[in-house]
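Here is a short briefing to read with the model open beside you. Take your time and look up each residue as it comes along.

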Amino acid sequence: MGYQVLIPQDIAPEGKELLLQMGCSIKMGTGTTEEDLIRDVVDCDAILLRTAVVSEAVLEAGRRLKIVARHGAGYNNVNMEAADRLGIWVTNTPDATTNSVAEFTMGAILAAAKKTHLLSRKLKENDFFAKNAYKGIDLEGKTLAIIGFGRIGQAVAKKAYYGFDMKVIAYTPHVRKEMVPDYVAMVGWEEAFSQADFVSLHMPLKKDNRECIGEAEFKQMKPTAFLINCARGEIVDEKALIDALVQEKIAGAYIDVFQQEPPAIDNPLLSLENVIATPHMASNTEECMRRMAVQAASQIGMVLSGKQPDWPVNCPKNTKR
């Protein structure tokens, strides 16, 4: 091919091997700041992107750029308007993360229900009998509300229903009937929050849903209910969540994503006893990293060979650049 691909943050070797097999050369980035990317992208035809932010200035600097291939499902770190205007494809890997995040979500629900994190810490502090004061709950028969019923939400529903005998309800603004199995009841927004024992978020971040889950939603939730967020931190009003946890309006939360990442060390979500916090790691498995790397590389190969990608998230009008 004779094309050069910028990789700002390292990926699984299988992805790099595929790029080399397709005749591409690889340029490992010198950093992830806007200045780094502007400097590195000048002679590149594609970017295989993880979490670095690709701004309009970066896209403008990449005069040979034909594609930004996201290593993951989300693409909020790419300036989509500029990509459209400049004729640059943006793709993602929508199927790569589904099972890994769904498995992690079920683990998060279990951890919150059984209080394993808290009792592990108590045991390490030589308090074996703290278990008498911190009893868990069973999942069987409990209601799980899934907010956002895309690929991951559907996978979570299946695992919760068949694996744990949970009652599953779901909310999504747009859904086709054929996507909804008979064991899932579609409900309204308020009903999802008020009926659930566990609310699990699986919404993509959009311009119109930032902090859409806040004080009103936490007031609707049962005081025995848990919030699980393995989606995007920005969809939750963190201040309202912290207030709800401190005032015990809800029982607890499992938070894998934050409004600011990494979160500030003094963020109360990192110290509250009724919160489990992890570092945006739901998709961080060996298998998922391989899938994302290979699938992102495959999209680069398709675009650079003159084909349309399998998983575009935009439709640039002019792709002759």
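**Aromatic pairs and their surroundings**

The count comes to eight aromatic pairs, where rings of Phe, Tyr and Trp (its six-membered ring) pair if their centres lie within 6.5 Å. Planes under 30 degrees apart count as stacked, over 60 as edge-to-face and the rest as tilted. This is a predicted model, in which local features need pLDDT of at least 70, side-chain atom pairs count only at pLDDT 80 or more, and totals for chains, interfaces and linings use all residues. Residues are numbered from 1 along each chain as its sequence is written, and side-chain values use heavy atoms, leaving out hydrogens and water.

**Rings**
- Tyr 161 and Tyr 162 make an edge-to-face pair, 5.0 Å centre to centre with 85° between the planes.
- The pair of Phe 198 and Phe 226 is stacked, because the ring centres are 5.4 Å apart and the planes are at 15°.
- Phe 198 lies in strand β9 (residues 198-201) and Phe 226 in strand β10 (residues 226-229), so this pair ties together parts that are 28 residues apart in sequence. Strands are DSSP runs (E, at least two residues), and helices are DSSP runs too (H or I, at least four), numbered from the N terminus.
- Tyr 161, Tyr 162 and Tyr 183 form one aromatic cluster.

- Tyr 161 is partly exposed at 33% relative accessibility, whereas Tyr 162 is exposed at 57%.
- Leu 123, found in helix α6 (residues 116-124), is partly exposed at 49%.

Definitions and conventions:
Buried means under 20% relative accessible area, exposed over 50%, partly exposed in between (1.4 Å probe, protein chains only).
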